[in-house]
Protein chains: 2
Amino acid sequence: MQSKEVRLASRPVGMPKTSDFEIATVDLREPGEGEIQVRNVSMSVDPYMRGRMVDRKSYVPPFAIGEVLTGGCIGRVVKSNAKGFNEGDHVSSMYGWREGYTESAEGIEKLGELTAPASAYLGVLGMPGMTAYAGLLEVGALKDGETVFVSGAAGAVGSIVGQIAKLRGCHVLGSAGNAEKVSWLQDELGFDYAFNYNEGNILQHLREGAPKGLDVYFDNVGGEHLQAAITHMRQFGRIPLCGAISAYNDTEAAPGPNNLSIAIGLGLTLRGFIVSHFNHLGQQFRDEMGAWVSSGQIKYQETVYEGVEKAPDAFIGLFTGANTGKMIVNF
Amino acid sequence: MQSKEVRLASRPVGMPKTSDFEIATVDLREPGEGEIQVRNVSMSVDPYMRGRMVDRKSYVPPFAIGEVLTGGCIGRVVKSNAKGFNEGDHVSSMYGWREGYTESAEGIEKLGELTAPASAYLGVLGMPGMTAYAGLLEVGALKDGETVFVSGAAGAVGSIVGQIAKLRGCHVLGSAGNAEKVSWLQDELGFDYAFNYNEGNILQHLREGAPKGLDVYFDNVGGEHLQAAITHMRQFGRIPLCGAISAYNDTEAAPGPNNLSIAIGLGLTLRGFIVSHFNHLGQQFRDEMGAWVSSGQIKYQETVYEGVEKAPDAFIGLFTGANTGKMIVNF
């Protein structure tokens, strides 16, 4: 079996370009003892991958130039030489950005019977869903009925954050980058107040949507959003720091919020996290989110690109707002 | 009885000047039913008072122009018309910046038998000591043996933070504004590494004093200190935000730390607090700190000005680094 794969051709400076990537075709070896051969059906592109394209110390090591990229993907076993894995099984792995692979079955997760389309396991039932779940409930220590603001609310994480908060009886605000996304948040997902952050002043929007202030601000964006939210927090508010997509393509560090001292008097908590800090909640998440999705209480949307050659475009689209919900590449 | 008092003559712009204050003399009335007349013996000046001199929303309301200032003080009852208070009793109140007062006994705390000089109840055994105690142990969630950095380490709060951390078996770093203070921290208080933040690069100092990084950074200063500390934190580190004295006299908001996104991958917590959030720990603090001070395990130093007329100078001195340990005005 042959596999087309996407390699990092050069480290992006600022906004990534398609020329920072290259497509190659490789022959997959036959599976040795303990290995499986997998044909991917769906792969994920996520904002955090931008950090790995830079050569610096981070919580995940950088990608190497000329090597195939990695990331979450769902595939089906084509050939198995590993106990417990059979042809046709759906598996979840980090061997994304390629059509297929032959690798040790160790560290590859067997999904069992799917209760949703394969791609959902890269989104609402996968890493972004878990990020929303752990970030809002654990890091944000959400209480029923509070007022919650999430930025990047039409994204893979933000759209789930808002819906979980609604299920917990909260008053929910969200920001997104265009009118269509704003409508989706309000009309389909039940956000109480959604706004286009390109129109008007963020703080003004927050004052309108939450006159009494915010208890939780789930930060996917950083920058102006974070500063405005800090100004509008209530006493003992919590700010889970999940991402700072506004700055991922900056070539110089942008100044941070100039109003952090507000946190002192109000007793605010800003707490960063990544999903792997909460691996111990994985089963609880899968059970609870699985039920919410099956019952339709949590909805999700995908923006789908077709074919591994389109993966760079899909990735770049994350930073131009091309996606509503989870950005997916299907094969 | 007459009392000299200090009033706010004008709202300081930038660094406060003595002309922002005025001294007046008033006659104290005889105590009515439920009132006591008190002669103050010691008053406190604290950095947080700077915020109250500005006319803006904050966690404490602003001082009014032309009115006597307030703040922590210790006095002795001269005349009592209130049950439970007798002539000679030591009392703690917020009727500072004046030689004496006649007020309702309600809200005035009777200290009982003093086990330390009166002024200690404004410092190590009072609000700054409690701030250090609650901020390090509760907000900072200190664990034995961790690595702790405190800025403003020669101040009323910082010097106690460092000593509590030492009692908990921690490796302790501190910054201060001159060589004399640095010596005091290392030679008298047992800090493992202390440095003059005016010399060299703060981050470089942190790397030298704590090659493996910081578990807790107790922030009294903000600005460059906060940014350098964030860069040097270890996974799951905690940053109690206690003060930002570097910015208290700024006329425009200074940019915040440009590296907050580090908090995401490392799972850092930045949490603001003020001492009144922890009033429920007051008795535990007084018992534990009282024992530490009596046994000499916690040392304290004071910088003392004499006479209420000197209170403005003492206050201004907080921002020029004139104090080692607690800044006190004795009468």
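This is a predicted model: local features need pLDDT of at least 70, side-chain atom pairs count only at pLDDT 80 or more; totals for chains, interfaces and linings use all residues.

1. Two strands are taken to pair if DSSP finds at least two bridges between them. On that criterion, strand S8 (residues 147–150) and strand S9 (residues 171–176) of chain A are paired, because four bridges join them. The two strands run parallel. Within this pairing, A:Val148 has A:Val172 of S9(A) as its bridge partner.

2. An open sheet of 12 strands runs in the order S10(A)-S9(A)-S8(A)-S11(A)-S12(A)-S13(A)-S13(B)-S12(B)-S11(B)-S8(B)-S9(B)-S10(B). Pairing in this sheet is mixed. Strand S10 (193–196) of chain A and strand S10 (193–196) of chain B stand at the edges; each has a single partner strand, so one side of each lacks a neighbour in the sheet. With direction ignored, neighbouring strands are turned against each other by 15° on average.

3. Where do the strands of chain A and chain B join? Three bridges connect strand S13 (residues 269–272) of chain A to S13(B), and these strands run antiparallel. In chain B, helix H2 (residues 127–139) lies across strand S11 (214–218), strand S12 (233–241) and S13. The direction of this helix is at about 150° to S12(B).

4. The contact between the chains takes in 30 residues of chain B and 30 residues of chain A. On the chain B side, helix H7 (262–266) and strand S13 (269–272) are the elements that give two or more residues. The residues of that side comprise 17 nonpolar, 12 polar and one charged. Of the interface residues of chain B, 100% are also interface residues in chain A, so the copies meet through the same surface.

5. How are the two copies related? Chain B is superposed on chain A by a rotation of 180° with 0.0 Å of shift along its axis, at an RMSD of 0.0 Å. The copies are therefore related as by a two-fold rotation axis. In chain B, the C-alpha nearest the axis belongs to B:Gly256, at 2.1 Å from it.

6. Chain A is divided into domain 1 (2–123 + 301–330) and domain 2 (127–277). The C-alpha centres of these two domains lie 28 Å apart. Their contact takes 16 residues from domain 1 and 17 residues from domain 2. Helix H1 (49–52) and strand S15 (326–330) each supply at least two residues to the side of domain 1 that touches domain 2. That side of domain 1 divides into six nonpolar, eight polar and two charged residues.

7. After H9(A) comes A:Gly321, whose phi is positive, near 75°.

8. Residues up to four places away in sequence being left out, A:Phe315 touches A:Pro16, A:Val45 and A:Met49. By contrast, the C-alpha atoms of A:Phe315 and A:Tyr217 are separated by 26 Å, and these residues are 98 apart along the chain.

9. Most residues other than glycine have a negative phi. A:Ala141, although not a glycine, has a positive phi of about 45°. A:Ala141 lies in the loop between helix H2 (127–139) and S8 of chain A, and is partly exposed, with 15 other C-beta atoms within 10 Å. In chain B, B:Ala141 likewise has a positive phi of about 45° without being a glycine. B:Ala141 is found in the loop between H2 and strand S8 (147–150) of chain B, and counts as partly exposed with 15 C-beta neighbours inside 10 Å.

Definitions and conventions: Residues are numbered from 1 along each chain as its sequence is written. Chains are lettered from A and ligands numbered from 1 in the order in which they are written. Domain bounds come from an automatic or database domain assignment. Two residues are in contact if their C-beta atoms, placed from the backbone, lie within 7 Å. Ala, Val, Leu, Ile, Met, Phe, Trp, Tyr, Cys and Pro count as nonpolar, Asp, Glu, Lys and Arg as charged, and the others, Gly among them, as polar. Axes are lines fitted to C-alpha atoms, for helices over the stretch in contact, and angles run from 0 to 180 degrees between N-to-C directions. Copies are superposed by least squares on the C-alpha atoms of residues with pLDDT of at least 70 in both. A residue is buried if 20 or more other C-beta atoms lie within 10 Å of its own, exposed if 12 or fewer, and partly exposed in between; C-beta atoms are placed from the backbone.
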